[in-house]
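Trainee: I would like to learn how to read a structure I have not seen before. Could we take the features one by one?

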Amino acid sequence: MEGTRHALAFFLLALALLFWFADCSGHAELSSTHSNGRVQEERRNEGVVTSWCIAKPSTDDESLNHNIDYSCRQKGVDCRPIQPGGSCFNPDSIISHASFAMNLFYKSAGKNYWNCHFNGTGLIVTQNPSWGTCKYPA
């Protein structure tokens, strides 16, 4: 009898958690931030997600180079804009080039928060990082 009561209590707790999670996941229109600073649900503008992936400013050059190489090798990622003469070549800095390439990958891979992880060197932002002739695709 005691074992049955524990099993029933566990089942009811699991069921309550399942309903709570289902209720919470239905509020996709709200923005929320994890304790690690990652935006889970991006700001929405009339149902369209507006977010971009950029490199964390504290990231070392070796990691940024790796992120560029990885991103630019992926299907659907065109890194010509960060090549000399491209619309996003200037400023000619590793962090600027990495941010653009990482965002291209993020967009082409589905814009899930995990597509901007890059071993902890990516950051999802809701303010458009485009400037001048350099347009970051949303």
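Mentor: We will go through the core, a helix and the disulfides of this predicted model.

Trainee: Which residues have the most contacts inside the largest nonpolar core?

Mentor: The general idea is that in soluble globular proteins nonpolar side chains tend to be buried together. Here the largest nonpolar core has 23 residues, and those with the most contacts inside it are C53, C79, I82, A98, F100, M102 and Y136. Two or more residues each come from β5 (52–55), α2 (61–72), α3 (94–108) and β6 (122–125). The largest share, seven residues, is from α3. As for A98, it touches A55, L64 and I68, leaving aside residues up to four places away in sequence.

Trainee: What distance should the twelve residues of α2 span?

Mentor: At 1.5 Å a residue, α2 should span 16 Å, and its end C-alpha atoms are 16 Å apart, which agrees. At the start of α2, a side-chain oxygen of D60 comes to within 3.2 Å of the backbone nitrogen of E62.

Trainee: Which residues of α2 are buried, and why do they line one face of the helix?

Mentor: An α-helix has 3.6 residues a turn, so residues three or four places apart point the same way. In α2 the buried residues are L64, N67, I68 and S71. Seen down the helix axis, the buried residues of α2 fall within an arc of 100°, so they line one face. They pack against β5 and α3.

Trainee: How many disulfides does the structure hold?

Mentor: There are three. Numbering the bonded cysteines in sequence order, the pairing is 1-5, 2-3, 4-6.

Trainee: Why is the disulfide of C72 and C79 left-handed?

Mentor: The torsion about its S-S bond is about -95°, so the disulfide of C72 and C79 is left-handed. C72 is partly exposed, with a relative accessible area of 25%, whereas C79 counts as buried at 9%.

Trainee: Which parts does the pair of C88 and C134 tie together?

Mentor: Their sulfur atoms are 2.0 Å apart. C88 lies in the loop between α2 and α3 and C134 in the segment after β6, so the pair ties together parts 46 residues apart in sequence. C88 is buried, with a relative accessible area of 1%, and C134 counts as buried at 2%.

Technical notes: Residues numbered from 1 in each chain as written. Predicted model: local features only at pLDDT ≥ 70, side-chain atom pairs only at ≥ 80, totals over all residues. Heavy atoms only, no water. Core = buried A, V, L, I, M, F, W, Y, C linked by side-chain atoms within 4.5 Å. Buried < 20%, exposed > 50% of the residue type's maximum accessible area, 1.4 Å probe, protein only. Helix = DSSP H or I, 4+ residues; strand = E, 2+ residues; numbered from the N terminus. Contact = heavy atoms within 4.5 Å. Expected span 1.5 Å × (residues − 1). Arc of directions from axis to C-beta. Polar contact = N/O pair within 3.5 Å; in protein donor to acceptor, adjacent residues only side chain to side chain. Disulfide = S-S within 2.5 Å.
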